[in-house]
Amino acid sequence: MIPASFDYHAPKSLEEALRLLERHGDEAKLLAGGHSLLPLMKLRLASPRFVIDIGRLRGMSYVKEESGVIAIGALTTHADVASSELLSQRCPLLKETASEIGDVQVRNRGTIGGSLAHNDPAADYPAAILALDAEIVAATSSGTRTIPAREFFVDMLTTQLKHGEILTQVRVPVMKPRTGGAYEKLFQPASGFAIVGVAALLTLGAGGKIESAAVGITGLGPKAFRAEGVEKTLKGKKAGDALFAEAARHAPRGIEPLGDLHASSDYRREMAVVFTRRALARAAANATGKSA
Amino acid sequence: MVTAEATPFVGRALKRKEDPRLIQGISHYVDDISLTGMLHAVFVRSPYAHARVRSVETSKAKVAPGVVAVMTGADLGTSIGMVPCAAQIPDMKAAPRPVLATDRVRFVGEAVAVVVAEDRYAARDAADLVEVDYEPLTPVVDPEKAIAKGAPVLFDQYSDNIAYRWELEGGDVKKAFEQADVIVRQRIVNQRVIPVAMETRGVLAEYKPGEKTLTIWSSTQIPHLLRTQLAAMLGTPEQFVRVITPEVGGGFGSKLNVYGEEALVGYLSTRLERPVKWIESRRENFQTAIHGRDQIDDIELALEKDGTVLGLRCKVIADLGAYYQLLTPLIPTLTGLMMCGSYKIPAARMEVIAVLTNKMSTDAYRGAGRPEATYLIERAMDLAAAELKMDPVEIRRKNFPKAKEFPYATPTGLIYDSADYQTCLNLMLKKSAYKKLREEQAKLRKQGRYMGIGVCTYVEICAMGPSSAMPAGGWESATVRIEPTGKVNILTGASPHGQGQETSFAQIGADVLGLDPEDVLITHGDTAVVPYGIGTFGSRGTAVGGTAAYKSLVKLREKLAQIAAFLAGAEPDDMVFQGKKIFSKSDPKKSVSFQDCVSAAYVAKTLPPGVDPGLDATTFFEPTNFTFPFGAHLCVVEADAETGDVRVKKYLAVDDCGNVINPLLVDGQIHGGIVQALGQAMFEEAVYDEQGQLITGELTDYAIPRAGDMPWIETERTVTPTPVNPLGVKGVGEAGTIGGTPCFANAVVDALTPFGVRHIDMPFKRERIWRLMNHGKMMNDGKRGSAQSPAGGAKRIASKPSKPTKAAKVKSAAKKSAKSRRAK
Amino acid sequence: MKLSGTQLLPASPEEVWKAINDPKILATSLPGCERLDPDGPDRYKAAVSFGLAAISGKYAGSLELADKKPPHSMVLKIDGRGLPGFVKGEGRVELHAKGAHTELRYEGEAQVGGMIAGLGQRMIEAAARKIVAQFFEKFSSVLSLKS
């Protein structure tokens, strides 16, 4: 890699990283797993003057349960999320989503915090983070704040994070009883990013009635979003293939999907419907313990 | 006396000697080599596909930190010759390419300047300071538009962009088409692809002013040819130029070339009197190393009602790109030679229009012209089968030449050496339980599931080749040297780069001399050490290079037999080499150890009269013909109508590459070839936009197959040795790439038959398949009607078509089928 | 790459027309515009520094207003070159009165070349849409401040 020259800092603590970030302002970029920033630097499409490598900070890679919430350190790699025993018991949807990211090399290096902060329009995590109503914790030298997922993703490559803030933790609610999740993804064959990725979360009540439904969709527009039309159609009705097919039709409503050489806008729209239906069916099966 | 050691090594599945060092990452590629005082070069390249270069301003770059030199095309003047092309087609236009552009750039990535600095970072930083003033010109991107009247012209000295027209005809084609009951036509696009070798190109040059020697380390497939060409380009006497090929991380034809960068880096080292290294980035590799394929073919097949093929006609528009690399113009003609495939077609004609466009040059990519030919004929056979409602297997079987008809002469002027297509096909049918597959397909279709079965029976042309048919020599050399300690060194002029010759040649050496493969070292890729050779490409390494080695080994065996017989008191003709001993067959007690016999040759005190000391033999082997391996492949796919996703359920490859030295290596070549074949069929496509920008410029947009995309590949073999060389081997490096693409394509089209699909152009992207499978739905959906016509282009024409050539001019398959519907 | 859209502006077509022809307002509205200097009638030399998250680059180029039919329509031409590559675009802008406001319709085509052209196909179109949207947003807010 032959990037433009930059000053490299490897702070020893989060506090030091925050101080450095404050000092260098928008000329600084944070480096965690490096899977978004380094390719851009290699092509010199990004040339930050300062690179602050937080990837070596200790104590920021963990998955633990704290009173009904799973707390995940920002530097936890996709591979660690995908292989977490705790998540497979308490929040399998997130675990499944992590296992669908890129390829083995990407999962071994990329981090959950890095992925969320970069907010690539085709990243996988945002779909699940939205469906799970997770929260994102950001730190500054003066304290921390917690941002709900629904407010976090602002636009393509843009989040609520401000200059001087570092994403430190992701907080995911434990999945309730009789709740099933599924992430269905159409891979872009070259990059492994999502052409469409749908994370569905369903809670079923007595007689298969849908008590709550949450659907996060990535890849379709400039940022991931909650498919509220789908959710409304499902709520209070009895789970079933016909309902899922009907509800899934609402998935792309209100979005003008992006088109590129891998998938036209039309195709993406249609695939959002197909993959939403599939995700719903599998989420329902997971909720009842049957495999779809 | 017959022991386990008597079992020959040839034919055994030995693991590759090369693998431990490659797997552990302890081998050496160009970039692993560092020399004291080494400088680094970075190129400044055109972002425009077509532009006039008004000026190149280097003053800022020259004074940047660490910069040693900045050079432009103007600075070079005539110091370096043009990029060489070894292929000549009659009446071909010249397309001269200087190593650095001077007044005009003709594709994105063409080099206009080079910066040399103390390290790569400084060179890259300074490259950004070179200011090039471009005057953009209208680019010519689409080859069909490029030959239309009024298209902008790439080279001002000409009035059009047609590089050459070439025709090949054998038999009475006109009559064949007049007599036909049925004519099948199709326009077929064989898209442009990028070879994507894992290691990009790299060059290191070291000029020693005292000795006046120039040593070039380059990641190349052809060290000797490169040396000759570099000597000519640089005006350096050839004996002062040495080319060393360290480990090469894949070539697939992309390093079967002489690139401007190789000459320029050599020149810079000579000028600056310091070593200079250039390592290509992936972006540069995509933009500036050769591309493959890129043909638009209009094929017509004339048949009798019973499926007998009477004739074949094909018009090819070949996109050569902006300039000629080493073999660029030759490739489409190989398509012509092989257009009849494995069928007895009495009359065939091909017309090639080779076109210059504002893109990187195409050249030999794994298969080089033959995959295109096979794709054409194999798709056409399926179209004909569909038209005649025949099973694709039956129409093929009907048109095979019989085993006893070999050697078989094709109307294109080739002589197929040896084959038994029938037996090979039968084995494929038996192993795949073909009939059962068809039954399963019918059952699934009733359930609304779309399974497809594709068949391909290919023949290819290998072991390139006799010199008379090659642009620069078709022979190969080998020196065998037995060292005084009894160890063997085979120096081969073929320069393997992943094919495993270090293992297979050692197996041959061990058998000839009665040793173990561990006793035999293969040395290659250094022009100062190895006698002149041609290189590894065109599946020639073992058939031509291996034969040269074999012949040298036999020469030494004869000499050793004389010495051993003399020492043991036996007859030279009676000596057997086995288990590191040389003994008399009729009286095995008369025995000498291999080591003692070799020592005698070097100590030279007990040699028989008339026998010279030493053990060294060189052979330049000239084959009498190409070889023609063949095979029968079968592919089963299932298409998902909801998404257009196509999954390969089964892939069976039955190949016949003649005798097999090492089945593991043969299987490896077949596997890799099929993966590349399916890669092209499934996803690969070098996409240039209307402005000539390569928008699949990185691996994030250019999809190559991953393990998870691939099926389990079953391999089987028949063995029909070639009479062309004493080893009976034919070559296998490209077979998978040649058979695999049409096999998969035929399977996908077969799966989509219920949707009225007759042909689909590659790559078979999900969206394309999905549109075809949802055509009706799309049409009902008003605003989204851009699906391809499902009717394809094949059509039945009345027994005497009035003007069959006219249809070939119709551009799109959709239009054509509309026309044929009207005709009915 | 085709780009089109509409934007409702809080001013009459005449006022909007005036604003588009005002280099100061253009410079304020153009995302990342560092300089916009007149270079002949209806032509400007521009220096733009554009950034989207980590991706950044400086471009030098020209902006031209052509085929002017006041206060109805014009053609906007931009041409920028920088280290990441080049951008070239041409778009038709039409103004239609909508009560006291103006509906601005634009339709154009942009080409990118060089390093940016070969990177992340899916990003380029989204980024272009975003830049255009930012321009009109800013333009609209400048207009509403004025009125």
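Predicted model: local features only at pLDDT ≥ 70, side-chain atom pairs only at ≥ 80, totals over all residues.
In what order do the four strands of the open sheet in chain B run? I looked that up and found E21-E20-E19-E25, with mixed pairing.

Residues are numbered from 1 along each chain as its sequence is written, while chains are lettered from A and ligands numbered from 1 in the order in which they are written.

**Sheet in chain B**

I checked the edges: strand E21 (520-524) and strand E25 (616-621) of chain B each pair on one side only. Neighbouring strands of this sheet are turned by 20 degrees against each other on average, direction ignored. For angles I use lines fitted to C-alpha atoms (for helices over the stretch in contact), and they run from 0 to 180 degrees between N-to-C directions.

Then I zoomed in on strand E20 (residues 488-492) of chain B, which pairs with E21(B) in the parallel sense over five bridges. B:Thr492 stands opposite B:His524 in E21(B). Helix H15 (residues 501-513) of chain B lies across E20 and E21 of chain B, at about 135 degrees to E21(B).

**Cores**

Next I went for the nonpolar cores, meaning sets of buried Ala, Val, Leu, Ile, Met, Phe, Trp, Tyr and Cys residues joined through C-beta atoms within 7 Å. Buried means 20 or more other C-beta atoms within 10 Å of a residue's own, exposed means 12 or fewer, and partly exposed is in between, with C-beta atoms placed from the backbone.

The largest core has 385 residues, and A:Ala131 and B:Val748 are among those with the most contacts inside it. Helix H16 (residues 541-568) of chain B gives this core its largest share, 13 residues. Another core, of eight residues, lies apart from it and includes A:Leu258 and C:Leu52.

I also listed what A:Ala131 touches, leaving out residues up to four places away in sequence: A:Leu93 and A:Val215 are among them. Contact here means C-beta atoms, placed from the backbone, within 7 Å.

**Chain A and chain C**

Chain A has twelve helices and 14 strands, and 55% of its 292 residues are buried. Its C-alpha trace spans about 60 × 45 × 30 Å along the principal axes.

Chain C has three helices and seven strands, in the pattern β-α-α-β-β-β-β-β-β-α along the sequence. Its radius of gyration is 15 Å, close to the 15 Å of the globule rule for 147 residues, so chain C is as compact as a globular protein of that length. That radius is taken over C-alpha atoms, and the rule is 2.2 Å times the number of residues to the power 0.38. Of the residues of chain C, 31% count as buried.

I clicked on C:Pro70, in the loop between strand E4 (55-69) and strand E5 (73-82) of chain C. C:Pro70 counts as partly exposed because it has 13 C-beta neighbours inside 10 Å.

**Interfaces**

Twelve residues of chain B are in contact with eleven residues of chain C.

Technical notes
Helix = DSSP H or I, 4+ residues; strand = E, 2+ residues; numbered from the N terminus. Contact = placed C-beta atoms within 7 Å. Pairing = 2+ DSSP bridges.
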